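Me: Please show me the sequence and the model. I would like to work through some questions about charged pairs and helices.

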Amino acid sequence: LKNKWFDRFFLKLRGRYHSECIAKQDTLRSILRYKSSGRPSITGFMADQTPSPANIHHWVNFLNHDTPVFTGVEKIAHKVGFSVFDVEKIKRGYYSVTIREISKNPKETEEFEITNKYMEMMETTILRAPEYWLWTHNRWKHKRS
């Protein structure tokens, strides 16, 4: 975040319960370090915003709009062979989760197959409970050229 106070606040909030926040430029390096350590780990990604124009590599039809999406999770999953899951919040104030498998063998999937499946699942979740989605994230501020 550009605001230093909010940045520190969110890092502290997200770092509770012994989790580690990783800068996006260090993601792959950190994941490879965890994998080589042999210790079990879970890596979560926040993919609810729109990519910058330089990082748009794929578009999907999302909520009836042509929408640019992040593809980094899929690229990393292909590189390291980790399974990919979606997490769904149960209800406001309750953070139990339902974990739904997207891909058990990402190296065997077609390009953008994981991203497309994730976006379909997210759309289903939003249509079922739109109040849990941050509508302030303007996913449609970029147009396909």
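This is a predicted model: local features need pLDDT of at least 70, side-chain atom pairs count only at pLDDT 80 or more; totals for chains, interfaces and linings use all residues.

Me: How many salt bridges does the structure hold?

Reply: Side chains of opposite charge can pair when their charged atoms come close. A salt bridge here is a side-chain nitrogen of Lys or Arg within 4 Å of a carboxyl oxygen of Asp or Glu. By that rule, the number of salt bridges in the structure is four.

Me: How many residues apart in sequence are the parts that Arg33 and Glu20 tie together?

Reply: The side chains of Arg33 and Glu20 form a salt bridge, at 3.9 Å from N to O. Arg33 belongs to helix 2 (residues 27-37), while Glu20 sits in the loop between helix 1 (4-14) and helix 2, so the parts that the pair ties together are separated in sequence by 13 residues. Helices (H or I, at least four residues) and strands (E, at least two) are DSSP runs, numbered from the N terminus.

Me: Is Asp86 buried or exposed?

Reply: Asp86 forms a salt bridge with Arg100, and their closest N and O atoms are 2.0 Å apart. This pair links distant parts of the chain, with Arg100 in strand 4 (residues 94-103) and Asp86 in strand 3 (residues 84-91), 14 residues apart. Buried means under 20% relative accessible area, exposed over 50%, and partly exposed in between (1.4 Å probe, protein chains only). Asp86 has 7% relative accessibility, so Asp86 is buried.

Me: Within what arc do the buried residues of helix 2 fall?

Reply: The buried residues in helix 2 are Thr27, Ser30, Ile31 and Tyr34. The arc is taken from the directions from the helix axis to the C-beta atoms. Seen down that axis, the buried residues line one face of the helix, because they fall within an arc of 100°.

Me: Which residue with positive phi follows helix 2?

Reply: Its phi is near 80°. The residue that follows helix 2 is Gly38.

Technical notes. Residues are numbered from 1 along each chain as its sequence is written. Side-chain values use heavy atoms; hydrogens and water are left out.
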